[in-house]
Amino acid sequence: MHDATLAQAIARFAARARYEDLPPAVTASVRQRVLDTLGICIAAQSLDSSQAVIDYVAEQGGAPQARAIGVPHRVPAALAAFGNGVLAHSLDYDDTHLPSVLHPSATIVPSVLAAAERAGTDGRTAVTAIAVGLEVCVRIGMAGYDRQAGNSVFFEHGQHATSICGALGAAVAVGVVLGQDEAQLTSSLGVAASMAAGIIEANRTGGNVKRLHCGWAAHSAVTAADLVGRGITGPPTVLEGRFGFFEAFLRGEFDPAAILEGLGTEWEVPRIFFKPYPANHFTHAAIDAATALRRRGVDHRAVRSLTLGVPAPVIRTIGEPIDGKRRPATGYQAQFSGPYAVAVGMLGGGGGLGVGLDDYTDELAAAPMRREIMDKVSVVADDECTRIFPEQFPAVLTAELVDGSAVTERILVNRGGPQHPLSDDEVELKFRDNAGRHLPETAVALIAARVLAFDELSDVGVALSALDDVAAIEYSVTTTAQEGDL
């Protein structure tokens, strides 16, 4: 591939990808990610922002091509990808690649499902497309990762790498679904690069626009690939060119080897971390450490103080300002609070994997007992955690007890990653906990069975067919309630 541009090398990899050549670990990982993403999408319907997007998608009209979760009728594929992509990222429950800190499935899976349902694509083609899209997404993200600084250059520039890189990876994935050749795949990537976007200022000062990012990236991906199919072209030097993607987004600071080395032979897909808990990934080890303390018999009422040691770069996200992190005003803010993570672990969660969505409500964020625990928590930099970061998001939690003794728990490997993976049963348990909020058990079981046998489906739309009746009911109830408020 040394004689090709970066986009052409990616296109060659995508065009040559065959299901039969995928390692079993990759195909197994893809099946799990489809199930995980669908469950998150189904659960996310409860959010006000999700209802706004569902209503928007439902009102747009157009060709009935694909299902958007929560919408009672089929919609154009790009709109289905948009709606499902928004839902997939809205609960902060979607998977994470490290150290790039990308959340790739929230864009790639909705894009491929929409395009594949429209085309009547079989499961093996869809699995191949998702694997390719995930791989391209995280490799482009890693090209913008500064190993010396230990941080993504995208983030340092205020850019949401998940949506930006996701648009490119998903466009290539949709191109695979459409059977595009190398030249067309190069153009799909080249066109999507002009549609890639995402600003993360909302993480600092508020607003829920971040929830739209993966949806818009998915919409861009389907649109870009469709336009290429109609003759629109993109530049072959779109990534490394003088006025290309990396110059525009990263001011020319990128590592081409992160894209090219091992492409097609060394897969990142199985290394993408699942989220066992619906909160910012930086908080997960804190939950596990607090849970370990509780299981050792440490009662929060016997604790004088709690010191949460985390990687230094993490403190600004989950520990500052400390007064705000000890007093999250909403369940959403609690998802980004180190002190709240300790509280939920000390008290025990209600989710299938230990902590679930019901543990992050506005009411619980303000609950007196939880605030009493949060007031005892300090968040500090831990040298060992900092050295490990960002290959893992570790935590060390020390409880000083009223009797003068101290107890410490160290969680240096994240649950859900390749060193502590979730089994099929655990991924299905998470799916059932999420999907069961809106679907009857029969539909939940049917979707799980079909997705875990995704490769064998002759038409991937079959995996979503169980959603139809429930979508109509949900939309009818929501619309009637809105009309009654007028």
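Notes on the model: I am working with a predicted model, in which local features need pLDDT of at least 70 and side-chain atom pairs count only at pLDDT 80 or more, while totals for chains, interfaces and linings use all residues. Residues are numbered from 1 along each chain as its sequence is written, and side-chain values use heavy atoms, with hydrogens and water left out.

Salt bridges: I counted a salt bridge where a side-chain nitrogen of Lys or Arg lies within 4 Å of a carboxyl oxygen of Asp or Glu, and the structure holds 23 of them.

Entry on Arg67: its partner in a salt bridge is Glu117, at 2.2 Å from N to O. I noted that Glu117 sits in helix α5 (residues 105-119) and Arg67 in the loop between α3 (48-60) and α4 (77-89), 50 residues apart; helices here are DSSP runs (H or I, at least four residues), numbered from the N terminus. Glu117 also counts as buried, at 6% relative accessibility.

Entry on Glu182: I found a salt bridge from Glu182 to Arg12, with the closest N and O atoms 3.6 Å apart. Because Glu182 lies in helix α9 (residues 182-192) and Arg12 in helix α1 (residues 6-16), the pair ties together parts 170 residues apart in sequence. Glu182 counts as partly exposed at 29% relative accessibility, whereas Arg12 counts as buried at 17%. I also saw that Asp3, Arg12 and Glu182 are linked in a network of salt bridges.

Notes: Helices (H or I, at least four residues) and strands (E, at least two) are DSSP runs, numbered from the N terminus. Buried means under 20% relative accessible area, exposed over 50%, partly exposed in between (1.4 Å probe, protein chains only).
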